[in-house]
Amino acid sequence: MNVPAATPQPLRHPALDDLTTALRELLGPRCSTSDSEREHHGHGESYHPTRAPDVVCYPQTTEEVSAIVKLCHQAKVPVIPFGAGTSLEGHVVALHGGVCIDLSRMNAITAVNAEDLDCTVEAGVTRKQLNEHLRDTGLFFPVDPGADATLGGMTATRASGTNAVRYGTMKDNVLALTVVLADGTILKTGGRARKSSAGYDLTRLFVGSEGTLGVITEITLRLYGIPEASSAAVCSFPDIASAVNCAIETIQCGIQVARVELLDETCMRAINRHNNLSYPETVALFLEFHGTEAAVVSQAETVQMLAEGHGGEGWRFATSTEERNKLWQARHNMHYALLALRPGASSWGTDTCVPISQLATCITEIKEHAKDAPFPVTALGHVGDGNFHMGFLIRMDSPEELREAERLNGLLVNRAIELGGTCTGEHGVGYGKAKFLRKEHGDAAVEVMRTLKASLDPDNIMNPGKVLPA
């Protein structure tokens, strides 16, 4: 990942020296002001420039997070939560300096209730760590954004990924939270019951809040039984419309595919080069089926028949665990595979979602607008739920390329909203997409969001500059 390092540093807060002294008294060596640690915590995995925090703290308990936030509240210094640093919309960039709270050392799995299909984890636990822990229970956690993100970060950004078409997003799989509010108050929301009508749904308020309302420190999650059988397949198509229409018909027929991923010809070329594979370099669908042995075979046969009706060919199965893992690892490596197509470039990744009936229209229109772009443009997505990503492989030192990427991104987001969609299906708003919220939600809704923010964070110290438009 090529993230520009030579960026202006934020203004230093007047109370920072005393605050840093207090944080060091609280945390000892787990409070750092080293340049390398600050730089590492000033960017995610995207084109957004680095803006380093002033201080980095590594709490180990919710109580320590509360103590850190109380000190920041008293000093009116910004707080920026940090997980694995895999976010894509500038969530962890310290736009106004302040204190970064790195939750990666809060990585305990505190409870697994196998009979009730739920578990409770600290915010620094990653999805791979959780599934490794669950391996012998017959259960798994299905939300899979690709990167080995922390579950706290996935909750804060309302992440989803390749399995969302069957298992839903973080919004659907978080039962309860522990959150530290802007004044250091520790709040517990929700419970382990599968449904409740008791009061406002505070859990959903914080899922997707991107650190702007509080710091998530603990999450209770739904779990699922590992399916009896799984199989995966790849099928090539003559164009995007054919592949998307196959995916739409699959969903409309009630076939519960676990994953259905669209990759355009550039993505397939990148996958082959980066992973030493030999798939046809044309538009493709990657699919996965879960269920009983008989159900998986039946589902795959039906989808293969549908694919052939849309010009699909070269149907290839991956039935062994090793083959499936190789297939999906190639998909998850897509970000790095694309960067390898243009060494020195950064990826400006978009994240729109539209009703699936509008998916082919939206992708095809934007690819037409981008046909003369001075950089590679890619399309991939979780087409079973209408979420897709256009990728612009740009050189950050080229004003022309930056302007063109900004123009294409604006065209894409505005068109998606016109088609009944959203500016972000799963990556979150961060600060780059805040300008689209008024068009998507309207002035009244944005003002309600502002009211909520002001009520919970009157001094605007919680990840300031994110989500809400200026």
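Mentor: Arg158, Val207, Gly208, His441 and Met449 lie nearest the centre of the second largest pocket, and 33 residues line this pocket. On a 1 Å grid over the protein atoms alone, a pocket is an open set of points where a 1.4 Å probe fits, with protein on both sides within 12 Å along at least five of seven lines, and lining residues have an atom within 4 Å of a point. This is a predicted model, in which local features need pLDDT of at least 70 and side-chain atom pairs count only at pLDDT 80 or more, while totals for chains, interfaces and linings use all residues. Residues are numbered from 1 along each chain as its sequence is written, and side-chain values use heavy atoms, with hydrogens and water left out.

The elements that give two or more residues to the lining of this pocket are α8 (202-206), α16 (437-441) and α17 (443-456). Of these, α17 gives the most, with 4 residues. Helices here are DSSP runs of H or I with at least four residues, strands are runs of E with at least two, and both are numbered from the N terminus.

By residue type, the lining divides into 13 nonpolar, 12 polar and 8 charged. Ala, Val, Leu, Ile, Met, Phe, Trp, Tyr, Cys and Pro count as nonpolar, Asp, Glu, Lys and Arg as charged, and the others, Gly among them, as polar.

The volume of the pocket is about 790 Å³, taken as the space filled by probe spheres set on the points, which are joined across faces, edges and corners.

As for the record, an unreviewed UniProt entry places the feature "domain: FAD-binding PCMH-type" at residues 48-226; such annotations may be inferred rather than shown by experiment. Over residues 48-226 the chain is 23% helix and 25% strand, with the end C-alpha atoms 38 Å apart.
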